[in-house]
Amino acid sequence: MKHPSRILWFVRHGERVDNLNKAWKLTAERWDDPPLSPRGHQQAREVGVALAAEPIDYAICSPFTRCIETVTEIFSVRKVSPPIWIEPGLGESLNVCMTPPGRPTMEQIKKINPNVDDSYEPVYSVLPPEFGGDAGCIPRVIKTLKTILTKYPTGKVITDANAMKCEYFGDKRHLSDQTNLHEVQSKTRACTQQQIDEIMKQIKEL
């Protein structure tokens, strides 16, 4: 049965601190979990301003610090934040992560944003092995999105899906500082355009 149409907003996290300081990872407790840079916080707030008039019923967020900070900044411009759910299934491709992936505990997450709903049951608590480089996360991302959208068939959603590097067809008009943006080259894409088209096709078929 087809569900009523709805809006999904996919947002990439803001600039990471290790984009500016390459040595950051050398002393980090979790080298795959950098926070946002000051500019990254600004970028995320400007996304929030751009979406301020859009009704959003819930937010689904990758468990990494940079993503949680991004969602936090987006909703900082609103009087009321929607529920925020932490979903490991939307996390980074495992070939660029620690084993297991380094990420904050729920206690640490709640210090970043107390609006995070810790009663949410994630699709993945433990991530399965992945092969095939960056694109190895595609089956996991598809399963995660399908499961969530089937379980919650209505509502407008924003997701910081760290595994989906969609910035190469994103809109940057809301950014006050458009210098030194990460222009994705074909060799650095997590997913090809064809692969992302297939992901979106499967989502639309729900």
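The structure is a predicted model, in which local features need pLDDT of at least 70 and side-chain atom pairs count only at pLDDT 80 or more, whereas totals for chains, interfaces and linings use all residues. Residues are numbered from 1 along each chain as its sequence is written, and side-chain values use heavy atoms, with hydrogens and water left out. The accessible surface of the chain comes to about 11,000 Å², of which carbon and sulfur atoms hold 55%; these areas come from the Shrake-Rupley method with a 1.4 Å probe, and for residues only the protein chains shown count as cover.

The chain contains seven helices and four strands, taken as DSSP runs numbered from the N terminus (H or I of at least four residues for helices, E of at least two for strands). Their order along the sequence is β-α-α-α-β-α-β-α-α-β-α. Of the contacts (heavy atoms within 4.5 Å) with a separation of 6 or more, 80% are between residues 24 or more positions apart.

In soluble globular proteins, nonpolar side chains tend to be buried together. A nonpolar core is defined here as a set of buried Ala, Val, Leu, Ile, Met, Phe, Trp, Tyr and Cys residues joined through side-chain atoms within 4.5 Å. The largest such core has 18 residues, and Cys61, Phe75, Ile84 and Ile158 have the most contacts inside it. At least two residues of this core are supplied by each of β2 (58-61), α4 (65-75) and β3 (84-86), with α4 giving the most, five residues. Ile158 is in contact with Trp9, Val11, Leu51, Ile56, Tyr58, Ala59, Ile60, Ile74 and Phe75, when neighbours within four places in sequence are left aside. A second, separate core of 10 residues includes Trp85, Tyr120, Val141 and Ile148.

Two helices were examined for their span, the expected value being 1.5 Å times one less than the number of residues. Helix α3 (residues 38-50) has 13 residues and should span 18 Å at 1.5 Å a residue; its end C-alpha atoms are 19 Å apart, which agrees. Its buried residues are Arg39, Gly40, Gln43, Ala44, Glu46, Val47 and Gly48, and the buried residues of α3 pack against α4. Helix α6 (residues 138-151), with 14 residues, reaches 20 Å from its first C-alpha to its last, close to the 20 Å expected. Within α6, Ile138, Arg140, Val141, Ile142, Thr144, Leu145, Ile148 and Leu149 are buried.

Glu15, in the loop between β1 (8-10) and α1, counts as buried at 10% relative accessibility. The side chain of Glu15 forms a polar contact of 2.7 Å with that of Ser37 and another of 3.2 Å with that of Arg39. Beyond its neighbours within four places in sequence, Glu15 is in contact with residues including Leu20, Leu36, Gly40 and Gln43. Asp18 lies in helix α1 (residues 17-20) and is buried at 5% relative accessibility. A polar contact of 2.7 Å joins the side chains of Asp18 and Arg16, while Trp24, Lys25 and Pro34 are in contact with Asp18 when neighbours within four places in sequence are left aside.

Ser93, in the loop between β3 and α5 (106-112), is buried with a relative accessible area of 2%. Not counting residues up to four places away in sequence, Ser93 touches Glu130, Asp134, Cys137 and Arg140. The side chain of Ser93 reaches the backbone oxygen of Asp134 at 2.9 Å. Ser93 and Arg140 are 47 residues apart along the chain, and their C-alpha atoms are separated by 9.7 Å.

With a disulfide defined as a pair of cysteine sulfur atoms within 2.5 Å, the count comes to zero. Cys67 is buried, with a relative accessible area of 0%, and its sulfur is 5.3 Å from the closest cysteine sulfur, in Cys61, too far for a bond. Cys97 is likewise buried, with a relative accessible area of 8%; the closest cysteine sulfur to that of Cys97 is in Cys137, at 9.6 Å, too far for a bond.

Definitions and conventions: Buried < 20%, exposed > 50% of the residue type's maximum accessible area, 1.4 Å probe, protein only. Polar contact = N/O pair within 3.5 Å; in protein donor to acceptor, adjacent residues only side chain to side chain.
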